[in-house]
Amino acid sequence: MPDILMPKPMQPLVERELSEKFTVHQPFKSEDPEGMIASVKDDIVGIAAGGVDVDDAYLDQFPNLKIIANFGVGYDSIDANACEKRGVIVTNTPDVLTEDVADIAMALLLSTTRELSAAERWLRAGNWEAKGSFPLTRGSLRGRIMGIVGLGRIGKAIAHRAEAFGLTICYHGRSKQDGVAYPYYPSVMALAEACDTLMLVAPGGEETKHMVGESVFEALGPEGIVINIGRGTVIDEAALIKALQDGTILGAGLDVFEEEPHVPEALRKLENTVLLPHVGSASQFTRNAMAQLVVDNLVGWFEKGHPVTPVAETPFPAK
Ligand code: 8YV
């Protein structure tokens, strides 16, 4: 049976199904994880990766590696170009999480705009009875223009929902998309000038790092709402905290942060934020579907000769 490395714990489904077809090495169960990896490194042909940083130095350890199956649609923790140069295929888990993530994006938008978390805190603290009604919210969805950064599968599912809520949609991405009627803006700055609600669905990595900072917040203006469901690194978090503190924008709803699981205290103290612990895809239904896709990619490669969902940098067949 081919040897698979599982560097960190994954869904029980992955462990169960992989162990039927592969020899699975789980260093986190060993008293000497480093020693265990060193003893099998030449045998490892596949990696089932959840939250593992893969760069050239990491790849150097495994001379016979063929495939890395990532648990997650975002694979910014894996240097896919370095993998491509070595002929190592990278796969991710697209589609199966789209609807759940889009739901959470809308939940964050509603919670942030209508201050639902603060309203609930008000009730739980006994303030409704003691002090009366929760103050009227300055924010409302009515008349809002949503600028989506990253109109991929998840971005489109959010747009679909937002249209049903009566929002006007526009977008920015690497390029204008054929067959998409929403207005396109060639930069985040131009998009921010045209909208008041910024929905960030962009992938992580160097290309998008701190794409949203002080000038973008100023362009959004005092009614501005920022929602981030993609990767925390896309936002300059320090600049966001300042913009929220001084009223440059109205509020922010965040599912992702620059240095998870660390969330700066300044952000946690702000009443005009809604903060979630990266739960976009975190239902049992969706996480099981993602886990199954990790398994299917490894089984597909080793039993049928082709992965199910290779990433763009490592297409199959190779170009
Ligand atoms: C992952 C995510 O499940 O898919 C992604 O890119 O961000 C999440 O859905 C999460 O990173 C895994 O812990």
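Q: What makes the unit of S9, helix H11 (residues 237-245) and S10 right-handed?
A: With the strands pointing away from the viewer, the path from the first strand over the helix to the second runs clockwise in a right-handed crossover, and S9, H11 and S10 make a β-α-β unit of that hand. The model is predicted, with local features needing pLDDT of at least 70 and side-chain atom pairs counting only at pLDDT 80 or more, while totals for chains, interfaces and linings use all residues. Residues are numbered from 1 along each chain as its sequence is written, and side-chain values use heavy atoms, with hydrogens and water left out.

Q: How do you know that S9 and strand S10 (residues 251-254) pair?
A: Two strands pair if DSSP finds at least two bridges between them, and S9 and S10 have four bridges, in the parallel sense. Within this pairing, Ile 225 stands opposite Gly 251 in S10.

Q: What joins strand S8 (residues 197-200) to S9?
A: Four bridges join the two strands, which run parallel, and Met 199 stands opposite Ile 227 in S9. From S8 the chain crosses through helix H10 (residues 214-220) to S9, and this β-α-β crossover is also right-handed.

Q: Why is helix H5 (residues 98-113) called oblique to helix H8 (residues 153-164)?
A: The two helices pack at an angle of about 50°, with their axes 9 Å apart. Angles under 35 degrees count as roughly parallel, over 145 as roughly antiparallel, 65 to 115 as roughly perpendicular and the rest as oblique, and therefore H5 is oblique to H8. The contact (heavy atoms within 4.5 Å) involves residues including Val 101 and Ala 105 of H5 and Ala 157 and Ile 158 of H8.

Q: What makes strand S2 (23-25) and strand S5 (89-91) edge strands?
A: Each of them pairs on one side only, in an open sheet of five strands with the order S2-S1-S3-S4-S5 and parallel pairing. Three bridges join strand S1 (residues 3-5) to S2, and Leu 5 stands opposite His 25 in S2.

Terms used:
Axes fitted to C-alpha atoms, helices over the stretch in contact; angles between N-to-C directions.
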